[in-house]
Amino acid sequence: LEEKNNLPEVLKTEKNKNKKGKNKKEINDNLTTDTLKSNNHKRNGGGKKKKEKMQVVAKDKSEKAVNYEKKVLELIHDKNPAKEDYDIIYDIISKHFFLQTLTHQAKEEIIVSMSLYKVAKGVTLYTQGLPGNYWYIVQSGELSVFMNDKPVDKLKKGQSFGERALMDGTLRSNTIVADTECRLWALKRQVFRKIIEFIFTS
C-alpha cells in the first residue's frame, strides 16, 4: 500500500503545474520590475541628457551672442576715467526708470566703467532672440529698432537701450541696426548685474 501522505498522480501533476505557474509568474513579475527599473533609468537618464544638451545649447547661444557683439564693436577706448560725456551719461542714469535710485557715487562709478565703441553703418549690433551682453548709450549716430523684422523705432544721441535683457536675463526683444556710423558708450553685462545686486541689497 502507498503511504497516506503520498499524493495521487493527478494531484502531483496539478501541484507541479501550480508550482511551475507560480515560478513563471515570479519570473514575469521580476522581468516586469526589472523592465520598469530599466525604463525609468533610461527615462531619467534621457531627461538628464536632454537637460545637459539644453544647457550646452544655451551656453553656446550666449557665447555666440557675446562674440558677435564684440566682433561688430570697434573699441575706441576702454573704460572712461576722464569721465567724457559726463553730463550726458549722468543725466541718462538720473532719469533711468531703474538706475535713478543710485547714489551720486554709484552713478559716477558707472560713468568711469563704460567703454566707447564705434559701429559701422549698416551693421546689426544685436539680434532679437539672443542673450544680451551690453547696455548702450548713443553718443552719436542713428540706429533702427526692429521687432519681428518690422521697424518700430529710432535711436539717437542721448538715448539708452539694451538694459532689459541684462536686468532679468531674458533674450533680446528686438534687433538693432546702425543706420549711420555710430559711437556708443557701453557697459558690460557683468558690471550691470553687480549694479542690480547693489540696488536690491541696499
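This is a predicted model: local features need pLDDT of at least 70, side-chain atom pairs count only at pLDDT 80 or more; totals for chains, interfaces and linings use all residues.
K83 sits in the loop between strand 1 (74–77) and helix 2, where helices (H or I, at least four residues) and strands (E, at least two) are DSSP runs numbered from the N terminus. Residues are numbered from 1 along each chain as its sequence is written, and side-chain values use heavy atoms, with hydrogens and water left out.

Most residues other than glycine have a negative phi. K83 counts as partly exposed because its relative accessibility is 31%; buried means under 20% relative accessible area, exposed over 50%, and partly exposed in between (1.4 Å probe, protein chains only). A positive phi of about 55 degrees is also found at N148, again not a glycine. N148 belongs to the loop between strand 5 (143–147) and strand 6 (150–155), and it counts as exposed because its relative accessibility is 56%.

The protein has 5 helices and 9 strands, and along the sequence they follow the pattern α-β-α-α-β-β-β-β-β-β-α-β-β-α. Of its 202 residues, 28% count as buried. The protein exposes about 13,700 Å², of which carbon and sulfur atoms supply 53%; accessible areas come from the Shrake-Rupley method with a 1.4 Å probe, and for residues only the protein chains shown count as cover. Contact means heavy atoms within 4.5 Å. Among contacts between residues at least 6 apart in sequence, 77% join residues at least 24 apart.

The interior comes next. A nonpolar core is a set of buried Ala, Val, Leu, Ile, Met, Phe, Trp, Tyr and Cys residues joined through side-chain atoms within 4.5 Å. The largest such core has 21 residues, and those with the most contacts inside it are L99, I110, M114, W135 and F192. Two or more residues of this core come from each of helix 2 (86–95), helix 3, strand 4 (134–140), helix 4, strand 9 (182–188) and helix 5. Helix 5 provides the largest share, 4 residues. Apart from this core lies another, of 18 residues, including V72, V138, V145 and I176.

W185, in strand 9, counts as buried because its relative accessibility is 1%. W185 and Q139 are 46 residues apart in sequence, yet their C-alpha atoms are 6.6 Å apart in space. Not counting residues up to four places away in sequence, W185 touches H77, N80, E84, D85, I89, M114, S115, L116, W135, Y136, I137 and Q139. F161 lies in strand 7 and, with 6% relative accessibility, therefore counts as buried. Between F161 and I137 there are 6.6 Å in space, C-alpha to C-alpha, and the two are 24 residues apart in sequence. Beyond neighbours within four places in sequence, the contacts of F161 include L125, Y126, W135, Y136, V138 and I176.

On a 1 Å grid over the protein atoms alone, a pocket is an open set of points with protein on both sides within 12 Å along at least five of seven lines, and lining residues have an atom within 4 Å of a point. Grid points are joined across faces, edges and corners, and a volume is the space filled by probe spheres set on the points. The largest pocket has a volume of about 220 Å³. Of its 15 lining residues, F161, G162, E163, R164 and N174 are the closest to its centre. Strand 7 (160–161) and helix 4 (164–168) are the elements that give two or more residues to this lining.

The second largest pocket has a volume of about 170 Å³. Its lining includes L102, I110, V191 and F198. Helix 3 (104–113) and helix 5 (189–201) each supply at least two residues of this lining, and helix 3 gives the most, with 5.

Terms used:
On a 1 Å grid over the protein atoms alone, a cavity is a set of points where a 1.4 Å probe fits but cannot get out, and a pocket is an open set with protein on both sides within 12 Å along at least five of seven lines; lining residues have an atom within 4 Å of a point.
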